[in-house]
There are 2 protein chains.
Amino acid sequence: MGEHVVVTEVGPRDGLQIAKAIMPTPIKARWIAAIAAAGVTEIEVGSFVPPRLIPQMADTPEIVRGAVHLPSVTVLALAPNLRGAQDAYANGAHRVVVPVSVSAGHSQSNLNRTPAEQVGEVARIVAWLRQQPRPVGIEAACSTAFGCSIDGVVPPSAVLAVASGLAAAGVDSLSLADTVGYAHPAQIRTLVRAVRAEVGGKLQRLHLHDTMGLGLANALAGIEEGVRQFDAALAGLGGCPFAPGASGNIVTEDLVFMLESMGFATGIELDKLIAARSILAEGLPGETLRGGLGRAGIPRTFRAAA
Amino acid sequence: MGEHVVVTEVGPRDGLQIAKAIMPTPIKARWIAAIAAAGVTEIEVGSFVPPRLIPQMADTPEIVRGAVHLPSVTVLALAPNLRGAQDAYANGAHRVVVPVSVSAGHSQSNLNRTPAEQVGEVARIVAWLRQQPRPVGIEAACSTAFGCSIDGVVPPSAVLAVASGLAAAGVDSLSLADTVGYAHPAQIRTLVRAVRAEVGGKLQRLHLHDTMGLGLANALAGIEEGVRQFDAALAGLGGCPFAPGASGNIVTEDLVFMLESMGFATGIELDKLIAARSILAEGLPGETLRGGLGRAGIPRTFRAAA
């Protein structure tokens with residue numbers, strides 16, 4: 001058995017929120033169950049945001065309440081503010097993920113707050129959740145950590161300031177998110193090292209997009225830096241509002257193939273994962289499904305001895 | 001200035017040979033000239049094979065004769081046998097690339113010879129070319145080095161046997177080709193090290209396909225092992241006959257973006273390279289053009305100081 005790497009499926013949240021159509025709730029529930037049945041142990045199933053802002057996420061309460069009954073699955077839900085975190089708690093989410101944009105422009109446009117104000121909101125979320133009887137994990141995602149389509153270059157010092165603020169606020173863990181897909185492998189290495197020097201083991205995850213085709217190369221750089229948790233979306237679902245036609249999250253099945261081929265253990269069965277694409281296609285008929293394995297199939301050399 | 005990495009454009013050969021349509025010769029010549037004008041210094045422009053086998057390559061003699069007049073470009077041409085190498089020489093190619101399949105099944109189906117017989121053919125090509133008045137480079141490409149769609153797993157020992165045979169035959173350089181796109185980063189590292197231990201500096205290049213989405217991750221592994229020459233195709237042209245819809249070569253513009261972002265110098269101007277996609281689209285109207293930068297544009301953080 002190789003070293004374990006956690007691959008967290010975020011398609012039902014980050015993938016669907018940008019999709020042109022709205023996936024019907026029963027299909028979404030079936031899709032999430034199929035992902036879980038493939039061995040995925042962490043799934044970000046939705047986002048507690050006002051339905052008028054992101055109608056694709058309107059069924060998040062119902063989806064969360066269903067998903068928590070899946071065996072061996074940690075159910076993650078995004079919440080941009082205290083109100084969303086309270087809803088996530090009330091519906092039974094196991095972990096709340098709070099986005100904090102590092103760049104001022106993205107923070108203003110996405111959250112209508114400065115980065116420092118959002119760090120303050122995280123502190124309020126932590127304080128509230130820690131008072132509740134049921135323990136809930138709290139993860140903060142440092143969005144636009146590698147660059148921003150609005151502000152351009154994001155200085156590492158800004159990432160460090162946000163990360164240390166979040167650590168001080170008491171989150172359980174942090175992720176660095178390449179929200180717009182500008183990152184390159186050398187930058188991944190540098191920033192992971194710098195943030196780890198600032199907050200240590202709190203930095204646990206990378207959230208990567210494949211906008212420029214560098215998604216798995218960036219994941220490899222993260223792996224080589226010791227990162228052992230990655231977000232990904234089945235069929236690379238999602239896109240980028242600023243760049244029509246641009247790719248979404250890194251492709252879960254391709255990431256799993258890379259990791260397992262390299263000797264890491266993900267606990268995920270690739271054939272079942274690929275089969276779950278058909279439910280996604282059923283629920284979102286117009287959407288482009290990406291990914292190498294989805295097109296070409298599992299290489300016959302996979303897991304065969306050389 | 002960063003360390004130099006050679007990015008060799010192989011779209012006019014490896015990309016076009018599998019395309020559904022045949023690119024008109026004048027457009028092909030314009031396309032190659034545009035790639036050269038972007039700063040690409042090595043271009044594999046065609047293949048000296050019988051036109052009845054690969055009609056897309058029928059104009060290779062004319063294309064080579066034109067391309068050698070492009071300033072600062074090394075013109076590569078593929079030749080599977082002595083006859084092809086003689087034609088490549090006669091038409092003025094600067095370097096001949098000879099494919100040698102490592103796996104018996106691929107060798108038989110592609111070249112109608114065993115790997116050992118093809119190594120013998122390379123020896124004949126070397127002997128003949130070395131006797132000619134004009135010096136011509138001779139590169140051998142070890143096809144299916146990382147796995148084969150016909151034979152499955154390709155043992156490293158088979159790669160080493162072919163590589164050492166080719167070095168003994170006197171080629172100037174060798175490449176390892178992931179012909180069907182089965183490779184993963186750990187395998188790239190292991191095989192590059194093993195082949196280098198066998199043939200030293202003769203191993204110069206990786207030829208990677210993006211079938212499973214791992215192309216740039218594999219290139220990164222190669223970079224980290226010290227490889228400084230890579231084949232790539234504009235817009236990831238090409239495909240895989242065994243897997244309809246599968247991706248072709250790694251995308252030149254995405255590779256250049258990755259390398260330049262990481263501080264390597266390719267000498268290639270990304271905007272001009274991306275602009276050359278429109279000539280490709282003009283010459284092959286039905287073909288899918290892939291690539292992150294082609295869709296999303298050059299990130300605004302590119303080459304900006306952080």
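How many bridges join β3(A) to strand β4 (residues 95–101) of chain A? Three, and the two strands run parallel. Keep in mind as you click around that this is a predicted model.

Pick A:Ile43 and you'll find A:Val75 of β3(A) opposite. Here, too, there's a right-handed β-α-β unit, made by β2(A), helix α3 (residues 60–67) of chain A and β3(A).

While you're there, colour β3 (residues 74–78) of chain A by burial: four of its five residues are buried, so the strand is largely enclosed by the rest of the structure.

Time to zoom out and bring in chain B. Select the 42 residues of chain B that are in contact with 42 residues of chain A. On the chain B side, α8 (185–199), α9 (215–224), α10 (252–261) and α13 (292–296) each supply at least two residues. By class, that side has 25 nonpolar, 13 polar and four charged residues. The copies meet through the same surface, because 100% of the interface residues of chain B are also interface residues in chain A.

Last stop: the symmetry. Chain B superposes on chain A by a rotation of 180° with 0.0 Å of shift along the axis (RMSD 0.0 Å), so the two copies are related as by a two-fold rotation axis. To find that axis, centre on B:Ala217, the residue of chain B that comes closest to it, at 1.9 Å (C-alpha).

Definitions and conventions. Residues are numbered from 1 along each chain as its sequence is written. Chains are lettered from A and ligands numbered from 1 in the order in which they are written. This is a predicted model: local features need pLDDT of at least 70, side-chain atom pairs count only at pLDDT 80 or more; totals for chains, interfaces and linings use all residues. Two residues are in contact if their C-beta atoms, placed from the backbone, lie within 7 Å. Ala, Val, Leu, Ile, Met, Phe, Trp, Tyr, Cys and Pro count as nonpolar, Asp, Glu, Lys and Arg as charged, and the others, Gly among them, as polar. Copies are superposed by least squares on the C-alpha atoms of residues with pLDDT of at least 70 in both. A residue is buried if 20 or more other C-beta atoms lie within 10 Å of its own, exposed if 12 or fewer, and partly exposed in between; C-beta atoms are placed from the backbone. Two strands pair if DSSP finds at least two bridges between them. A crossover is right-handed if, with the strands pointing away from the viewer, the path from the first strand over the helix to the second runs clockwise.
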